[in-house]
Amino acid sequence: MSTTKVKAAQLWGKNKDDLKKQLVDLKAELASLRTQKVAGGANSKLTKIHDLRKSVARVLTVINATQRAQLRLFYKNKKYLPLDLRVKKTRAMRRRLTKHEASLVSEKQKKRQMHFPQRKFAVKGWNGKES
């Protein structure tokens with residue numbers, strides 16, 4: 001059984017089956033260390049338990065991250081994206097009109113813009129101050 005810390009950089013290259021196997025091994029080792037601790041083992045077991053817990057967390061993090069990356073690839077060009085893969089932002093930003101919706105102009109507004117365009121004046125406006 002391994003007693004060294006698991007490095008995350010080593011985990012990224014492994015495939016899913018290897019990661020699952022390593023996770024099972026780490027959990028088994030953690031269970032045996034916990035029983036030794038209850039039985040009255042040395043205090044050095046506590047640091048090993050701590051390291052093992054962190055190693056389990058690293059393996060799970062890599063598994064979940066790769067799974068999410070695969071799901072992102074799967075849903076890349078689909079119409080809808082699962083809620084947990086969507087961009088979080090803020091509630092107000094999520095409910096805001098899209099750029100396309102904001103740029104749409106109604107028929108009535110088009111006619112109004114066409115018949116009554118913005119006037120262009122040659123004389124600069126007076127601001128109330130003497131120069």
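1. Ser55 lies in helix 3, where helices (H or I, at least four residues) and strands (E, at least two) are DSSP runs numbered from the N terminus. Ser55 is buried, at a relative accessible area of 1%; buried means under 20% relative accessible area, exposed over 50%, and partly exposed in between (1.4 Å probe, protein chains only). Not counting residues up to four places away in sequence, Ser55 touches Lys5, Val6 and Leu26, a contact being heavy atoms within 4.5 Å. A polar atom of the Ser55 side chain lies 3.4 Å from the backbone nitrogen of Val6.

2. On the basis of these values: this is a predicted model, in which local features need pLDDT of at least 70 and side-chain atom pairs count only at pLDDT 80 or more, while totals for chains, interfaces and linings use all residues. Residues are numbered from 1 along each chain as its sequence is written, and side-chain values use heavy atoms, with hydrogens and water left out.

3. Helix 2 covers residues 16-38, and its end C-alpha atoms are 33 Å apart. That agrees with the 33 Å that its 23 residues should span at 1.5 Å a residue, because the expected span is 1.5 Å times one less than the number of residues. Its buried residues are Leu19, Gln22, Leu23, Leu26, Glu29, Leu30 and Leu33. Their cover includes helix 1 (8-11) and helix 3 (44-74). Gly40, with a positive phi near 100°, follows helix 2.

4. One aromatic pair is found in a search of the whole structure; rings of Phe, Tyr and Trp (its six-membered ring) pair if their centres lie within 6.5 Å, with planes under 30 degrees apart counted as stacked, over 60 as edge-to-face and the rest as tilted. The pair is Phe74 and Tyr75, edge-to-face, 5.0 Å centre to centre with 85° between the planes. Tyr75 counts as partly exposed, at 25% relative accessibility. The charged end of Lys78 sits over the ring of Phe74, 4.4 Å from its centre; the criterion is NZ of Lys or CZ of Arg within 6 Å of the ring centre and within 35 degrees of the ring normal.

5. The protein chain has six helices and zero strands. Its radius of gyration is 31 Å, whereas a compact globule of 131 residues would have one near 14 Å; the radius is taken over C-alpha atoms, and the globule rule is 2.2 Å times the number of residues to the power 0.38. Along the principal axes, the C-alpha atoms fill a box of roughly 90 × 45 × 25 Å. Buried residues make up 14% of the 131 residues.

Methods: A polar contact is a pair of N or O atoms within 3.5 Å; within protein, one must be able to donate a hydrogen and the other to accept it, and residues adjacent in sequence count only if both atoms are side-chain atoms.
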